[in-house]
Every structure is written in C-alpha cells, then in structure tokens.
Amino acid sequence: MTLPPPGLASPEPAPGAPVHGSPRPLRLPLAAALAIAAGAALLLALPPYDLWWLSPVGVALMAAAVHRRRLRAGFGLGFLTGVVLFLPLLWWTTIGAGWLPWAMLSIAQAVIIGLAGMAGAWLSPLVDRWRWSWPLLAGLLWTAQEALRDRAPFGGFPWGRLAFSQGDAPTLRLAAYGGAPLVTFVVAAAGGALVALAWRRFTRGSVHGAAGFAVVAALLLAGPAALPLTEPAGPTSTIAIVQGNVPRLGLDFNAQRRAVLDNHVSATRQLAADVAAGKQKQPGLVIWPENSSDIDPLRNDDAADAISAAADAIKAPILVGTLQRTEDPEDIYNVGILWWPRTGPDLDQQYEKRHPVPFAEYMPLRPIARLVTDKVDLVRNMLPGDHPGVINTGSVILGDVICFEVAYDGIVRDTVDGGAQLLAVQTNNATFNEAEALQQLAMVRLRAVEHGREALMVSTVGVSGFVDGTGEVHGATGFNTAAVVVRDIATEGPRTLATRSGNWPEVVAVALMVVALAGVLPLRRRRANIGIDGDKVSEER
C-alpha cells in the first residue's frame, strides 16, 4: 500500500527542489482514521498484548495523519492518537482512585502526544524538501515527547513509552548503548522510514528511494540483534522473592493489612522449612514486596515481632516493603527496610521512595477530585525520599526502586552509579491489575539490559520474577496467587555505555529537535508566500 493514493495529495517535489504550490494533506476523514489506528497500534505493541512490531507502525500512521496539516489539525489528530492509546492503557488507575483521576491522567498524556502531532505538522516542509529526513525527525520527535512526559505534568508519568514495548524485539539490546531514549529513537525512526516508504509514488524514478527506506526500516528493527551484550558474571548470590498474596484485590486491601503481613511471614517460614528439608537452597537475602507490611513495624511491636520471627526462621535478612508514619497522620513514607535475624531493622539500610506518583500515591487537586468520588481519600499523601535506593545486604548490594519508579530513567541509574549489583523493584499490584503488572515487568526487562545487571520484580499478588542481563524473564509467577521463587544471581555486571552516558542521549535528541523546529521556519515562510504562479498561498504557518 502507498500513501497517499492518487487524488489525495500532490506529487512530491524532487529532492532538494523548492516547494511550490500548496501540497495537500490527506483528507481529514482518512487522517482521523489513521490517527485512531495509530493509537490502537501503539496500545497493542505494549503489554499485555506485546505485538512489539506495531510500535513503528503506530508512529508511521500518526506521521501520515499529521503531515502537511495545519497546526491545529496536527494537534487534534495527535491528541486523538493519545486518547486511543492512554484511556485503555491506564484503565487500571480507576481501581485505586475512580474515573476522574484516570481521565485526567490519560488526557494529560494525550495532550503531549497532541503536541507531538502539532510538531509533526510543523516539520512537514522539511520532510517535503528532504524526504530522507523523515526517519531522523520521527526519532527525534518521539524521543523529545517522551522526555517531556517523563517530567510533566505533576513530575511526569512516562508510561507507554515506545521503549517499553520492545521486550521481545531485537531493539531491546540498544538499551545497553543508549538507554530507553535510544530504543525509542530507533523504533520511531523505523516508523519514519515506513511512512516515507508508503508516502512515495512508485514511479520508475522513485523505486530506488523506496527500496532505500525499506532497507533502513529493516536494519533499524532487525540490525540490533547483532549487537553484543556483556552479561553479569562472577560470584553468585542466592535470592528469594516472596509473593504472599492478599485476601482481596483492590485499594481496600489496606484494611486487611495484618492478613497481608501474615501471608508473607507464613510464606517465608515455609521457605525456611523447605530449606531445612533440603528442598530449597539457603538464600542470602529474602525480598518482600511493597506494602508487604502495611503496618509500620517501627511503631507496632506485633508487626515487628512477626517480621523478626520470619527473619530468624530463614536465617537471612529480609528487605521489607512497608509504610512509615510521620508525626502528621496524613503523611507517610513508602520504604524498603532491611530486617536482620536477631538484631531486627537496620535504619542505615533503608530506602524511602523518591518519586511518588500522582493519582496513585498522592492526589493532586484533591479538593476537585473529591467532588466527583470519595475514593480519592483512599490515596494517602506520600512524601518523597532524598537519596538513591542503594542497600548493602551483606551478600549483595541492592539497587532498590519502588513500584512506578522503574519507569524513570534517572532513579534506576542512580542506584547503579551508587554501586548496585542487583536491581530490585518492590511493587504492590493488588491496587491495580495484571495488565499493569506486566507493563511494569517490561520496564524491568529494559532496565536489566540498560545497566547490565540482573534484576527482579516482587509483588504482593504478581507478577513477580527474575530477569537476566539479556532481558529474559525467569520464574515468573501467576497473578493473584501466593508464590516463592529462589534464584542464584551473578553479582558482577558490566558498566554499560548507557550507564556511563547518563541522560546525554536524551539531551542531544531534545536539542536536535529544537534545532529542527526552529530551522523549518524559513521553509514555512517561503511556502506561505510562493504559489504555482507566484500567487500567495494561504497556508497556516
């Protein structure tokens, strides 16, 4: 299939030639259909669907929809793509806070995709003049919009990134060389090559150009399979993760907090019995999930005694996910604290979550949201910590991040820079659903490759599991069930190029995007003032 079909757009100019006349975009009904299809493709590329190859297709469809459009139409079509993507992708947020925060968060994300659509429309003269630039511009545009979503609004929410759809794709290997931004850039650039290929008219004069775009797309998507990865090696440490399960899913699981703690204590004591019977290896560290003790054990002796009994039984320290109260009853910290056999909690080896997520862990605009649903008051006011989650457990140095923090590049990288040998994600998916858990696990897979570290995710209800340095998942548990998984992990990983380069790949991409947006201005002015016969063309700049 080629885009556009005859009669829907004017022939493209020769490469490098001035653009005369007013090149027409696709007709609006077709463009709207492509925008909707783009959102659907981007959604299906992500877990739980995992059709990774649809990510570049989604990029291509949205690029075709907004090409040569007025800026308002470009924004509207991009926004339409974002709505189709984010409303179903983030549906699980309704479980915790009702429909209004879900709608607000989804629309906020869609607005940023709308801005990307506007930018794509703005860049159209550059693409028309130099068609070969489409892959490059698409890569820069999507990397830049993800950088924005990583930071705004309300501190950012980078869910649904192109990079997080590539868990089973060759492009996942690129994470070791430039992190999530490089993966997104290459996937989007492949989408740019696809739309450049489809937009061309297959005349004798364009066959070579079309073949070139096809080759570029294939190399971008398949070529990374040849990139080498240095997997973690060296001494191993035996790690156990405990998924204790909860009596009932939903945000009201907090009302059952003693039962949740008892589940994790019982599972750990059973693991100790299996170790004594020779059925399991003795772990050097046991990791419980976020909210495994929703009772603050530093303030409640019964909870402290139960955790100590579990640690004494297993003869290993336990990383406990808990909530610590403050003097203000409305404020809490979400922490992972190391709990030793015999001696109990180690306050020097504790991590307070640094990036509470809006609408899930604290509620922006709470008075407004409360007018619609009283569920907003189930979301407490979580305070941020002030240091990376580097925890020395004796057997391994842990890089701890809690729940949604795995989506943020800098938070994970800080733990590796601090010496982490193993990446651990403590999470509580009882407040959401299996789709959200699988989306998080995809992020863990990318982080393991990005930083050359083995990784794990441990959840109250699932999905829990280990991830090796190539992104492969081991011992994945089911959802809404109790499970214990034990695995030997290698503790010496490489310092990857992605770790060493920090956020520079993203900074460079954003800077180049700004240059492109500014650089197209002379072309837009020229197009607005030159017509086929010298008449002024009425086209919005």
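Trainee: Which side chains meet in a salt bridge at 3.7 Å, N to O?

Mentor: Those of Asp296 and Arg299 do, a salt bridge being a side-chain nitrogen of Lys or Arg within 4 Å of a carboxyl oxygen of Asp or Glu. Keep in mind that this is a predicted model, in which local features need pLDDT of at least 70 and side-chain atom pairs count only at pLDDT 80 or more, while totals for chains, interfaces and linings use all residues. Residues are numbered from 1 along each chain as its sequence is written, and side-chain values use heavy atoms, with hydrogens and water left out.

Trainee: Is Asp296 buried or exposed?

Mentor: Asp296 is buried, because its relative accessible area is 6%; buried means under 20% relative accessible area, exposed over 50%, and partly exposed in between, with a 1.4 Å probe and protein chains only.

Trainee: And which residue forms a salt bridge with Arg487?

Mentor: That is Glu454, with the closest N and O atoms 3.8 Å apart. The pair links distant parts of the chain, 33 residues apart, since Glu454 lies in strand β10 (residues 454–459) and Arg487 in strand β13 (residues 483–492); strands (E, at least two residues) and helices (H or I, at least four) are DSSP runs, numbered from the N terminus. Glu454 is buried at 7% relative accessible area, whereas Arg487 is partly exposed at 22%.

Trainee: How many residues of β10 are buried?

Mentor: The strand is mostly covered, with 6 of its 6 residues buried. Glu454, Leu456 and Val458 point one way from β10, while Ala455, Met457 and Ser459 point the other way.

Trainee: What does β10 pair with, and in which sense?

Mentor: Strand β9 (residues 422–427) pairs with β10 in the parallel sense over 6 bridges, and strand β11 (residues 465–467) pairs with β10 in the antiparallel sense over 3 bridges; two strands count as paired if DSSP finds at least two bridges between them. Within these pairings, Met457 is the bridge partner of Val425, and Phe466 is that of Leu456.

Trainee: How many salt bridges does a search of the whole structure find?

Mentor: The search finds 16, and a network of salt bridges links Glu146, Arg161, Asp409, Arg447 and Glu450.
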